[in-house]
Amino acid sequence: MTPDPALVVRPLSGPQELDLFDRLDYVLDHELADDLATGRRRPEWMWVALRGDRLVGRISWWTGRPGTEPQALDFFDLAPDLSPEEAATTGLRLLRTASAAVLRGGPRPEYGRFMPADWREVPETRAYLETLFGILESTGARPLVERLRLEWRPGTPVPEPTGRLAFRPVRDREDLLALMTPVMEGTLDAHGQADLASGLSSREAAELHYDEELAHFTTPREWWRIAELPGTGEPVGFVVPARNNYHPIIAYIGVLPAHRGRGHVDEILAEGTQVLAAQDGVERIRAATDLGNVPMAKSFARAGYVNFERSVNFVWDAPGTQGD
């Protein structure tokens, strides 16, 4: 790749340059100012590609836990009027240069992108996204999973309990891990499958999920529910309603293998939805499931969740330098 002497690739000098970063558009732009103020994002993690005063590309990393290393690459945009050749050379230089400086040869976090639900049917959108994905793949990334992004809105009916299940709060970490472990067996979730394929046991994969995500929710643990058979107390599944940094969410839902295929997931999802809907000021509840997890997608649809977007995750499996 021949360097373009007219292209300047650099990090933001500080929050005062957020207006420069905002010259391109993405659905998470409205979160940037608060992310910077709270430490979820840093100016030195936010890079721009410039030709003169014109912004032709941008990239940024994010963390859900201020003070830690980047957890995700979640912004990677190019000016939509670039030719395919300009987009490829600009994007590759931006990605390599910024990655080398930000990650310093360390592990590459996943790349995540939110996309319109019909992105494949709109030629301009598809061409743009496939250009970005091609740049990622040229550096060794591969697509891990495409997901449905889902939303429940106030006024949508929540199914009434049938009496087939009883619910109780989760007591402690071990109480939930004891159920998360068997749920990992036969999981249709691509991230869970990747954890198991890496050599982790079902218990280790469950612990990783709990410690890296669930343990960091600040909303009440009393919201978390375990579903049991009435009378016997035999566990059937669980649901983790919570609020992340941005929205109320159904963070995790699972049915134990022995109880799958009996429709229990609908009632468990309804319980989690009801817990969140009962809180003050809830304007929406967000959730997501893998495109390939058809049973879970159908359950969300029956519960009134609308597929408003899709997302995709890319991963770098092989170690290597960031700026070659």
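Which residues of helix 9 (residues 294–302) are buried? In the predicted model examined here, local features need a pLDDT of at least 70 and side-chain atom pairs count only at pLDDT 80 or more, whereas totals for chains, interfaces and linings use all residues. Residues are numbered from 1 along each chain as its sequence is written, and side-chain values use heavy atoms, with hydrogens and water left out.

The buried residues of helix 9 are Met-296, Ala-297, Ser-299 and Phe-300, where buried means under 20% relative accessible area, exposed over 50% and partly exposed in between, with a 1.4 Å probe and protein chains only. Because these residues cover an arc of only 160° around the axis, they lie on the same side of helix 9; the arc is that of the directions from the helix axis to the C-beta atoms. On the other side of helix 9, Pro-295, Ala-301 and Arg-302 are exposed. Helices (H or I, at least four residues) and strands (E, at least two) are DSSP runs, numbered from the N terminus.

The buried residues of helix 9 pack against strand 6 (141–152), strand 10 (248–255), helix 8 (264–277) and strand 11 (285–290), a contact being defined by heavy atoms within 4.5 Å. Ser-299, which is found in helix 9, counts as buried because its relative accessibility is 2%. When residues up to four places away in sequence are not counted, Ser-299 touches Val-265, Asp-266 and Leu-269. Helix 9 is followed by Gly-304, whose phi is positive, near 90°.

A further buried position is Gly-237, with a relative accessible area of 0%, and its place is in strand 9 (residues 235–243). Not counting residues up to four places away in sequence, Gly-237 touches several residues, among them Leu-179, Arg-225, Gly-254 and Ile-268. The C-alpha atoms of Gly-237 and His-209, which are 28 residues apart along the chain, are separated by 16 Å.

The protein chain as a whole has nine helices and twelve strands, and 48% of its 324 residues count as buried. For 324 residues, a compact globule would have a radius of gyration near 20 Å, and the 21 Å of the protein chain agrees with this; the radius is taken over C-alpha atoms, and the globule rule is 2.2 Å times the number of residues to the power 0.38. Along its principal axes, the C-alpha trace of the protein chain spans about 75 × 45 × 40 Å. Of the contacts in the protein chain with a separation of 6 or more, 71% are accounted for by residues 24 or more positions apart.
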